[in-house]
Amino acid sequence: MAKHYRPVRSLVTMAVILVGLTIWAFIPGKDHAPKLGLDLRGGTQVILSPKTGDGTAITPEQLTQTVSIIRQRVDGFGVAEAQVTVQGSGSSAKIIVTIPGQTSRTIVDQLKTTAQLNFRPVVAVDYGSPIPTDSPTPTASTSTSPAVSASATSSPTPTPSPTPKPSPSVSVDPALLAPPIQATDLSGNFPELFAALDCATSKIVDGGVVDDPKKYLISCEKNGSYKYVLAPADLVGTDIQSATAGLPPQGGAGWQVELKMTTEGAKKFATSTQTLSAATAPQNQFAIVLDGVVVSAPAVNEPILGGSAVITGSFTVDEAKALAQVLKYGALPIGLDVDEVQQISPTLGADQLRAGLIAGGFGLLLVILYLLLYYRALGIVAVFSLMVAAANTYLMFIILGRGIGFTLTLAGIAGAIVAIGITADSFIIYFERIRDEIREGKRLRTSVDTGWTRARRTILAADFVSILAATVLYFLSVGSVRGFAFTLGLTTLVDVLVAFLFTRAVVTRIANSNWMNSGSAMTGVCPERLGVAKASEVTQ
Amino acid sequence: MAGLGTLGNRLYSGEVSYNIVGRRKLWYSVSAVLLILSIATLGIRGLNLGIEFKGGAEFSVPVATATDASIVQARTAVTSTGNTVSSVTIVGGSTVRVQTAALTSEESNKVSAELAKSFGVSESEVKVQLVGPTWGSEVSKNAARALVVFLILVALFLAMYFEWPMAIAGLVALGHDVLITVGIYALSGFEVTPASVIGFLTILGYSLYDTVVVFDKVKENTKGITSGSRMTYSEAANLALNQTLVRSINTSTVALLPVLSILVVGVSLLGAGTLNDLALALFVGMLVGTYSSIFVATPILAQIKERQPENIALAKRVTAKRKNSPEAGDNLGAVLVGAPIVHAAGPRQQRVKKPRSRRSGK
């Protein structure tokens, strides 16, 4: 085995790996630095744990839905690179939201509230943005305005949408137009606010706002086309039992959404639709409001008493499915407990990064000095091995950051720094083995080979324990512990790679050199200093 | 350095031998005292748990220079919002850290705004951490689960790679390290945060790493030992310990240096934080870990092995042989009294030492 060992081949393999990683890490047009965690660049991290109200297990669908609602809200903040991830599953699942950079302090409240779905009767409706007075008053196309009917009714007739009258623009304090615009009654400045609201510029359409179902609300349609004054909610999301998208049984234009109420919801819906169907447009409409935004505002054709209804309106399949989703999951029975909130300013993040790097550099320097002083020439090999390991690790950080979204956190940096010592330990095990062999009276070249055979076993066993610890930690923990475990595991693997392909090869190569065999004290493998007497000296 | 190297040679050859295994009662007593102290302080004082485990809110305000007046100032600021302060500490001389009971995010916004105003910094500079009451118990639950799974896996690995007595000895040493580290935390009142827990868990890995290295040498030295009568299992184990002593010192030093650097840099640049919590736990744990792999794991291993019939028989043979020829095996550490013992030079140690001045090197 030792005879067939070709150090040059190992070195070439190592070089190929390094060059490959470098090319991969520095593909043009991609990020060329490791992704930094939140604690290193500032931002907010919120860890939420989903809990069902009745303590039942959370189904994967519920979790997916919760995550997608949260993701919508986070996207609503308009922060680039905000992340929503899920760790764990079932009852131990955690939703981790990270929002980099400076963020508002109210984000947490907006995240943790479950989506609010309300059914509000429409009081007034108008175009989303002010219409120039000289333009002709357009009528909303009847084919797209949705209508709701009892599911028994086979052919629902879409009701024409009310014709809004363009109102003159009024200016009010913009602060009053911050969502949600709510009031307990319609007196006061509510009409002015409604007139002044421009859905094109308002933040309302971003959603994510929690409205009080007991108050009146001014809101916009999601696409900004219409704005509404809405009465307090008649029904809330929990009154809906199920909602499915489907095609009308008789065929017809577009998809529809079938609704089924709970017993309680059916009663409320009956009362509500009785009033609505008797009213004139636009007051025969109700608005489906999700997180403060009007998703749809169907007109009611007739009282719906059975607790089943269809919403029609030439929906595309996607629109129908989206609406059904909103209705079904809009108000999830899932509550979100806030486990941990961390807000770190970018300055502090930069400080932590700097401290981490300085600590790492300083630690590396100390280890290098110790290795050089103690192992001399072998120490130089160790230092180069450490550098190769460091380069490998750094490149992996970049690649993994892009590939699997690995982010380097402070705990991760700590893991990497601790790994410096553990990596160097492998070299020490090897070097001490070589020296042991020399003490046995073997020649350097032989010692390098037999020493490796023995050291290899120890290095593998010891590294295996490290990797085992890292793996267990990674799979059974959440948050910063994971980051640490991941780095520790990664660096241990790199350590094995470097020890096998680089350190051994270099030591084997230089063991052939005359100088290393010269017995100079600087080689670190001087037989005399290792207690082996040269024949001539014994006789001195 | 050269001194350590020379010592290494003499330790390897057996020229110098520290009788570690033979004096196990001494090490056991030292460890027993430490363990009793640890358990007692844990019981009496308990651990100083960070807010991650208690639930609550923590605000860190950066200031130019933190003085006692800052503490009063911070208290006043928080109290003015109608919330009660549970502690105010100065961290690293330039950060005021305020902890309160659990707050809603609305309350916490008020507190951080008030603190920012009071200390004249922008609100975004205030680091806020809110922790729900169940988070800490979950972190601990996860850690405990990780610990159990790890112990089972590692026991299986050690039993397969080495043998059961080694697995048992390794795990005893591991438990010893974690208990004493936690005890030191209880005694010193260092705050226990999730980062410290990471540290504790890492000690598990490291402590075993060290033990594996020593046991590997013990395994090598005791291979086929029962067929001969040169030395007892304890003696072979002790020789292995001595032969790996320099390596243990070197690996531990090299592992501790970066940790030490995190501690020093962390404290001087950042004050308390993830880095220090982690490094402190590691530092204490690695020291204890190195101690235990030498002074606890191997003596326990030797004790277990000496009870096995083949090793009892071996011990009898060795004693009998030495009675017949008192000189034999002497250089292998047969007569183990006191430390260090410099044995009469055996055949392999017959080298004439040059005076220090004439030796090569420094």
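**Close-up views of a predicted model**

**View 1. Contact between chain A and chain B.** In this predicted model, chain A places 70 residues in contact with 66 residues of chain B. On the chain A side, the elements that contribute two or more residues are α4 (107-112), β16 (334-344), α8, α9 (410-439), α10 (444-475) and α11 (480-510). Sorted by class, this side of chain A comprises 41 nonpolar, 16 polar and 13 charged residues.

**View 2. Packing of helices α1 and α8 in chain A.** Helix α1 of chain A spans residues 7-25 and helix α8 of chain A spans residues 346-403. The two helices pack at an angle of about 35°, and their axes are 9 Å apart. The crossing of α1(A) past α8(A) is left-handed. From α1(A), the contact residues are Met14(A), Leu18(A), Leu21(A), Thr22(A), Trp24(A) and Ala25(A). From α8(A), they are Val388(A), Ala391(A), Asn392(A), Leu395(A), Met396(A), Ile398(A) and Ile399(A). By class, the contact of α1(A) with α8(A) holds 11 nonpolar and two polar residues, with no charged residues. Helix α8 of chain A is also among the elements that give two or more residues to the side touching chain B.

**View 3. Surroundings of Glu107(B).** Glu107(B) is part of helix α5 of chain B, which covers residues 105-119. Glu107(B) counts as partly exposed because it has 17 C-beta neighbours inside 10 Å, whereas a buried residue would need 20 or more and an exposed one 12 or fewer. Gly82(B) is 25 residues from Glu107(B) along the chain, and the C-alpha atoms of the two residues are separated by 9.1 Å.

Technical notes
Residues are numbered from 1 along each chain as its sequence is written. Chains are lettered from A and ligands numbered from 1 in the order in which they are written. This is a predicted model: local features need pLDDT of at least 70, side-chain atom pairs count only at pLDDT 80 or more; totals for chains, interfaces and linings use all residues. Axes are lines fitted to C-alpha atoms, for helices over the stretch in contact, and angles run from 0 to 180 degrees between N-to-C directions. Helices (H or I, at least four residues) and strands (E, at least two) are DSSP runs, numbered from the N terminus. A crossing is left-handed if the near helix is turned anticlockwise from the far one by less than a right angle, and right-handed if clockwise. Two residues are in contact if their C-beta atoms, placed from the backbone, lie within 7 Å. Ala, Val, Leu, Ile, Met, Phe, Trp, Tyr, Cys and Pro count as nonpolar, Asp, Glu, Lys and Arg as charged, and the others, Gly among them, as polar.
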